[in-house]
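Take a look at the model below.

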Number of protein chains: 2
Amino acid sequence: MSITTKPKRTRRSAADRRAQIILAAKSRFAVAGFEGTTTRQIAEDMGVAQSLLLYHFENKGDLWKAVMTQIFEHASLVVKEEFEAAEGPDPKSQLMAAIRAFIRMCLEEPDLHRLMTMEGRAHSDRLDWLAETYLKPLHDTSVALIAECQERGQVDPGDPTLLYYTILGIAGTVFSFTPEIGLLSPSSVPPDPKAVEERVCAAIFSQKAPRTFE
Amino acid sequence: MSITTKPKRTRRSAADRRAQIILAAKSRFAVAGFEGTTTRQIAEDMGVAQSLLLYHFENKGDLWKAVMTQIFEHASLVVKEEFEAAEGPDPKSQLMAAIRAFIRMCLEEPDLHRLMTMEGRAHSDRLDWLAETYLKPLHDTSVALIAECQERGQVDPGDPTLLYYTILGIAGTVFSFTPEIGLLSPSSVPPDPKAVEERVCAAIFSQKAPRTFE
DNA sequence: TTCGTTATTGATTGATCGATCAGTAGACAT
DNA sequence: ATGTCTACTGATCGATCAATCAATAACGAA
C-alpha cells in the first residue's frame, strides 16, 4: 500500500466534460497557438488522461474548432445585445453599437484577439473555416457602416478598411497587452472600457463637425 | 544515371549563410510562431539540409534570438533616425518622432507585431530575454514622453500606458492585417503611412487645444 | 596540383507528438 | 446485487521533432 490515496476517478456527463475541456484548451491555445499546444498539456491541466480529449473530440483540430465556436458564439451574443441597445437606427448610432460590441468582446474574451492574430496569417483549413463562418459578416457590416457615416461627414474620410482595423487594433491590443509584457509596466489591469471607447471615438470620428452623441 | 542533373552543392561564406537563414526563418516564425515552425521547413525553403541550420546556429532557440536581434536592430536604427529628424527638443516633437518611428517599424518589419503578439503571453526564456533586451527601454521612454505631453495639455489625459498601447495597436494591427484576412477585404495593401499617422494623432492628441505641428 | 580549412550533407538518435484501442470502472436502472 | 451503458484510462503505435556526428565536397592558400 503506497502513501498516496487511491486515484478516485471522477466521472462527469459528456456535456460537462466537453465544456471543461474547451475551457482548458482555450487558455492553452491562446498562449501557445494551435501547433504550440499539446493535447497532453491540456489534459494535465485538467488532471485527466490525454486520451480523454480524443474521446470527447474527434481530433485536435476538432477541439480547436469547438473552442473558437464557443468564443464566437459568445461574441455574437454581445454584438446582438449592443445593437439592440443602440440609441437609434441611424448609421452613427449603429456604428457606436458596433464599437461598444468590439470593446466588450475584447474585454470578455481576452483570448480572442490573440487567437486571431496567431491563426491569422497561415493559410490553414482552420483559418478558412474561421473567416467564412464568423469573420466575413462582421467585417462587411462594419465597413459598410463606416462608409455610410463617412458620406454623412460623421467619420473621418479615408479607406474604411483602415478605420475598421484602427478600431480593431486599439480594442484588441489594449486588452491583451497586460500579461503580454507585464514585466514592463506595473500598470493596473485591465483598462477602463469607457477610456478605451474614448480613444476609439477620438481616432475615427470627424473633428470638423461637432461631436453629437445622439 | 538518373535524369536529374547533379545536385550542384553551393557553398557560401558563413556570414552570408547566416543572413540567408535568418531571413527564411523570420518569415516562418512570423507565420507559425516558434513551436509551430520546424527547422526542416526553413531548410526546405532554402533548399539546404536541416542540419545546416544547426551548424550555423547552436540550436533552434538561438536561431530565433538571431531573428529577433536582426529585427530589433533594424528597429533601433529607425528609432534613432526619426529622433534625429525630430523637429525640436520639446516633448511633443519627440513624441511625434516616436510615433513616426513606430509606424515605420511596423511598415518596414511587418512581422514584428505578429511575432511580438505570439511570443507575448507565454512566459518563456525567449520572452524574458526579449523584454529585457529591447522592449523595456522603448516602453519606458515612450510612456515618459506621453506623460510629459499630458502635463502640457498637448495629449489627452488618462493612463499613459493606455495611450502607449493605443499607438502600438493602431500601427501594428493596420500593417499586419492584410494577408491576415485577405480573404475578407480586397483592399489594397499596405495602407499609406501618412494616413496611419493621422489616425494615431487623432487618437491621442488633445482636441481642446488647437493642433500645432511645430 | 595538392593540401587544409570549413561549409554542407545524410544517417541516425531519443524525445514527443496526435491518435488508436482494448480494457476498466463509475453511475443508474431493474 | 446484477447488468448495462458509457465515461475514462493506460499502453502503444507511427510520424515527426530538434539535435548529433561522421563523412564529404567546395574553396583558397601553398
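Helices here are DSSP runs of H or I with at least four residues, while strands are runs of E with at least two, and both are numbered from the N terminus. Keep in mind that this is a predicted model.

Start with chain A. By that definition, chain A has nine helices and zero strands. Read along the sequence, its pattern is α-α-α-α-α-α-α-α-α. Chain A has 214 residues, and 39% of them are buried. Now consider contacts in chain A between residues at least 6 apart in sequence. Of these contacts, 63% join residues at least 24 apart.

Next, see how two helices pack. In chain B, helix 1 and helix 4 (residues 60-84) meet at an angle of about 100°, and their axes are 9 Å apart. Angles of 65 to 115 degrees count as roughly perpendicular, so helix 1 of chain B is roughly perpendicular to helix 4 of chain B. Which residues in helix 1 of chain B meet helix 4 of chain B? They are I21(B), I22(B), A25(B), K26(B), F29(B) and F34(B). Helix 4 of chain B answers with L63(B), W64(B), A66(B), V67(B) and Q70(B). By class, this contact has nine nonpolar residues, one polar and one charged.

Now turn to the core. The largest nonpolar core has 109 residues. Those with the most contacts inside it are F102(A), I167(A) and A171(A), along with F102(B), I167(B), I170(B) and A171(B). Take A171(B) as an example. Leaving aside neighbours within four places in sequence, A171(B) is in contact with F102(B), I103(B), C106(B), V196(B) and V200(B).

Finally, look at the DNA. Around DNA strand C there are 22 residues, and N59(A), K60(A), V48(B), A49(B) and S51(B) come nearest. Which helices each supply at least two residues of this surface? From chain A they are helix 2 (39-46) and helix 3 (50-56), and from chain B they are helix 1 (14-36) and helix 3 (50-56).

DNA strand D has 21 residues around it. The closest are A49(A), S51(A), T38(B), N59(B) and K60(B). Here helix 1 (14-36) and helix 3 of chain A each supply at least two residues of the surface, as do helix 2 (39-46) and helix 3 of chain B.

Notes
Residues are numbered from 1 along each chain as its sequence is written. Chains are lettered from A and ligands numbered from 1 in the order in which they are written. This is a predicted model: local features need pLDDT of at least 70, side-chain atom pairs count only at pLDDT 80 or more; totals for chains, interfaces and linings use all residues. A residue is near a molecule or strand if its C-beta atom, placed from the backbone, lies within 6 Å of it. A nonpolar core is a set of buried Ala, Val, Leu, Ile, Met, Phe, Trp, Tyr and Cys residues joined through C-beta atoms within 7 Å. A residue is buried if 20 or more other C-beta atoms lie within 10 Å of its own, exposed if 12 or fewer, and partly exposed in between; C-beta atoms are placed from the backbone. Two residues are in contact if their C-beta atoms, placed from the backbone, lie within 7 Å. Axes are lines fitted to C-alpha atoms, for helices over the stretch in contact, and angles run from 0 to 180 degrees between N-to-C directions. Angles under 35 degrees count as roughly parallel, over 145 as roughly antiparallel, 65 to 115 as roughly perpendicular and the rest as oblique. Ala, Val, Leu, Ile, Met, Phe, Trp, Tyr, Cys and Pro count as nonpolar, Asp, Glu, Lys and Arg as charged, and the others, Gly among them, as polar.
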